[in-house]
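Have a look at the structure first, then read on.

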Amino acid sequence: DWIGLGKMILRRVGTAIARLDWTVLSVEFLVLVAGVFVGLQVDDWNNRRLERLGSYDSLVRLNEELQLQVQTYEGRIANAQRWRTHVEYLDEVLQHPERARSDPARLPLAILLSTYQSDFPIPVRTYEELEAGGKIEHIQNPELIKMIRNHYLGLAMWQVVSERTEYVSERYSQTIVGLLDIPMYRALLTDVDWENPVMPWFTSDQAVALASAASESSDMRKWLPTVYWYHTGTENLANEQIELISHLRSEISRELASRNLESGD
């Protein structure tokens with residue numbers, strides 16, 4: 001009890017002053033100073049311990065965020081594969097408009113869904129909080145800190161690339177304006193089952209006419225291959241990132257295990 005010790009020392013100091021016992025005064029003063037010094041050191045050690053524990057709690061949440069990133073990339077892959085099939089179909093009917101006759105409902109749906117983007121934001125908030133609060137510096141594994149920072153630096157770089165590729169989707173979307181009228185857009189978005197499109201009001205002759213009109217669009221012929229490679233690039237990048245994230249999560253789990261903490265899944 002530092003308070004009780006301090007009171008006792010003060011009483012003894014008071015008695016020593018009254019007696020002018022300088023030896024006792026010197027000893028008691030040194031004990032008091034040493035006690036204060038040790039107390040400060042204990043407080044500092046405890047604060048640093050709490051900071052480290054807070055950092056490793058954040059590391060658990062970071063590992064969970066990385067799992068969310070994997071799920072996001074898996075969603076990107078599913079989107080890229082799905083929308084790319086529509087791009088491939090359009091490329092086919094642009095070269096051979098008569099092929100649209102066999103499945104009339106597929107053509108307007110392909111025109112609409114081929115404009116959809118296959119990527120969407122990757123979660124990074126936990127890492128940003130870890131850096132902003134300085135907690136990452138308390139993780140006692142410099143190599144792991146470097147790996148984490150490099151991963152998120154790469155994410156920032158690819159986000160810039162992703163924003164630039166949105167230009168491709170926007171330019172492609174502009175090329176299909178006029179191919180589909182407003183009632184058809186409304187029907188596709190509200191009344192048509194995308195998994196099993198049925199449009200009795202859209203005939204095979206209309207499908208061939210629509211395919212012919214699309215094939216005459218030089219802008220559509222220009223941007224359609226670019227959109228195909230945009231979706232392919234999204235899928236390839238996602239597969240690569242999933243592998244890198246899996247390795248990083250393993251390293252984080254190993255670090256957490258060494259601290260007897262749960263890795264979080």
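## Around Ser-114

Leaving aside residues up to four places away in sequence, Ser-114 touches Trp-83, His-86, Val-87, Leu-90, Tyr-172, Val-227 and His-231, where a contact means heavy atoms within 4.5 Å. This is a predicted model, so local features need pLDDT of at least 70 and side-chain atom pairs count only at pLDDT 80 or more, while totals for chains, interfaces and linings use all residues. Residues are numbered from 1 along each chain as its sequence is written, and side-chain values use heavy atoms, with hydrogens and water left out.

Ser-114 sits in the loop between helix 3 (106-113) and helix 4 (125-132). Ser-114 is buried, with a relative accessible area of 1%. Buried means under 20% relative accessible area, exposed over 50% and partly exposed in between (1.4 Å probe, protein chains only).

Helices here are DSSP runs (H or I, at least four residues), numbered from the N terminus.

| Side of helix 4 | Residues |
|---|---|
| Buried | Thr-126, Tyr-127 and Leu-130 |
| Exposed, on the face turned away from the buried side | Arg-125 and Ala-132 |

Seen down the axis of helix 4, the buried residues fall within an arc of 100°, so they line one face of the helix. That arc is taken from the directions from the helix axis to the C-beta atoms. Just after helix 4, Gly-134 takes a positive phi of about 75°.

Helix 3 has a partner too: its Pro-108, Leu-109 and Leu-112 meet Met-184, Tyr-185, Leu-188 and Leu-189 in helix 6.

How values were computed:
Helices (H or I, at least four residues) and strands (E, at least two) are DSSP runs, numbered from the N terminus.
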